[in-house]
Amino acid sequence: MKIVFINGSPKKKLSVSSYLLGIVRLLVRGEVVSEQVRNEGDHKRVLESIRDADTVVFGMPLYVDGVPSHMLAFMKAMEKFCIHNNICLKVYVVSNGGFIEGCQNRALMQVLENFCNRCNFQWCGGVGIGGGVMLNVMRIMFLVYAGLFILNTVTSGLTASLPIFVEQLVVVLFFSLGAFFYCLRMGIAVNKGATCGVKFTRILLPSFLFILAADIFFVIISIFQGGIFKGWLSRKE
Ligand SMILES: Cc1cc2nc3c(=O)[nH]c(=O)nc-3n(C[C@H](O)[C@H](O)[C@H](O)COP(=O)(O)O)c2cc1C
């Protein structure tokens, strides 16, 4: 059984979509191929890759409450290619948005389901995740914690550094639990060729804390990218 994972994020590295697809992939057995669609230049290669596939798992960001336009272009090409070559696929999708509510991915799921109906594919379900950016920040922070843990173990010994590391690990795991659970569940469904329904989840942080953390995060980012008031006060073209 050949399974093609298609990352639909235009980011070259550290995309949330690649992270989430990586979690789904943990439990998937068989011939697994990873592809990425960033622009039209990728179409031919990715379409050839799905020619002999049984299953496609899309991972994509939510743009303006829907499917990113470069992915819509790919899906149009895929529809033509698959109908012409009589290719029948099982399709899953993991999507994520920056806003906290996972159910904002609902319209995207409906687009994917309609796409499957039109192409005679089997729509096997999806996971829509809210707070994707924050999940990604947490995974990067976890890597930093792991580095500090090694450093602390060398300098102060394992007994001093282990409790702090375990605490940080538990916090990261807790906030990411919903995403981990549904992505792993999808991995099991992909193996069985079963449907997994459409599920929505989010970073497990209360919304008022999310807004506070997101505000602080974007203020810091905007300062690094040229000063907080620069964008507001600069003359518009
Ligand atoms: C053009 C654009 C539109 C976006 N629109 C939405 C949106 O409507 N809702 C939302 O929750 N996030 C939106 N986002 C945020 C992305 O979905 C979010 O950053 C996501 O984690 C990116 O995933 P990736 O790293 O896999 O590309 C938008 C981002 C961009 C660049």
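Predicted model: local features only at pLDDT ≥ 70, side-chain atom pairs only at ≥ 80, totals over all residues.
Figure 1. Strand β2, residues 31–36, pairs with β1 in the parallel sense. The pairing runs over 6 bridges. Within it, Ile 6 stands opposite Glu 35 of β2.

**Figure 2. The whole chain, for orientation.** The chain holds 8 helices and 6 strands. From the N terminus on, the order of elements is β-α-β-α-β-α-β-α-β-α-α-β-α-α. The C-alpha trace spans about 60 × 55 × 30 Å along its principal axes. Of the 237 residues in the chain, 44% are buried.

Figure 3. The ligand is surrounded by 16 residues. The closest are Ser 9, Lys 11, Ser 17, Leu 62 and Asn 96. By class, the shell has 7 nonpolar, 7 polar and 2 charged residues.

Figure 4. A polar backbone atom of Val 64 lies 2.8 Å from a nitrogen atom of the ligand. At Asp 65, a backbone N or O atom is 2.8 Å from a ligand oxygen. Phe 99 also places a backbone N or O atom by a ligand oxygen, at 2.9 Å. Taken alone, the ligand exposes 640 Å². The protein buries 75% of that area.

Figure 5. A pair of aromatic rings is described by the distance of the centres and the angle of the planes. The model has 6 aromatic pairs. One of them joins Phe 142 and Phe 165, 5.8 Å centre to centre. Their planes are 35° apart, and the pair is tilted. Phe 142 lies in helix α5 (residues 132–156) and Phe 165 in helix α6 (residues 158–192), so the pair ties together parts that are 23 residues apart in sequence. Phe 142 is partly exposed, at 23% relative accessible area. Phe 165 is buried, at 14% relative accessibility. Phe 142, Phe 149 and Phe 165 form one aromatic cluster.

**Figure 6. The Phe 174 and Phe 175 pair.** Phe 174 is partly exposed, at 46% relative accessibility. Phe 175 counts as buried, at 17%.

**Figure 7. Two asparagines with positive phi.** Most residues other than glycine have a negative phi. Asn 86 has a positive phi of about 55° although it is not a glycine. Asn 86 sits in the loop between α3 (69–84) and β4 (90–96). Its relative accessibility is 72%, and Asn 86 counts as exposed. Asn 120 also has a positive phi, near 60°. Asn 120 is found in the loop between α4 (106–119) and β5 (122–130). At 60% relative accessibility, Asn 120 is exposed.

How values were computed:
Residues numbered from 1 in each chain as written. Heavy atoms only, no water. Phe/Tyr/Trp six-rings, centres within 6.5 Å; stacked < 30°, edge-to-face > 60°. Helix = DSSP H or I, 4+ residues; strand = E, 2+ residues; numbered from the N terminus. Buried < 20%, exposed > 50% of the residue type's maximum accessible area, 1.4 Å probe, protein only. Near = heavy atom within 4 Å. Polar contact = N/O pair within 3.5 Å; in protein donor to acceptor, adjacent residues only side chain to side chain. Areas by Shrake-Rupley, 256 points an atom, 1.4 Å probe, with all protein chains shown as cover. Nonpolar A, V, L, I, M, F, W, Y, C, P; charged D, E, K, R; others polar. Pairing = 2+ DSSP bridges.
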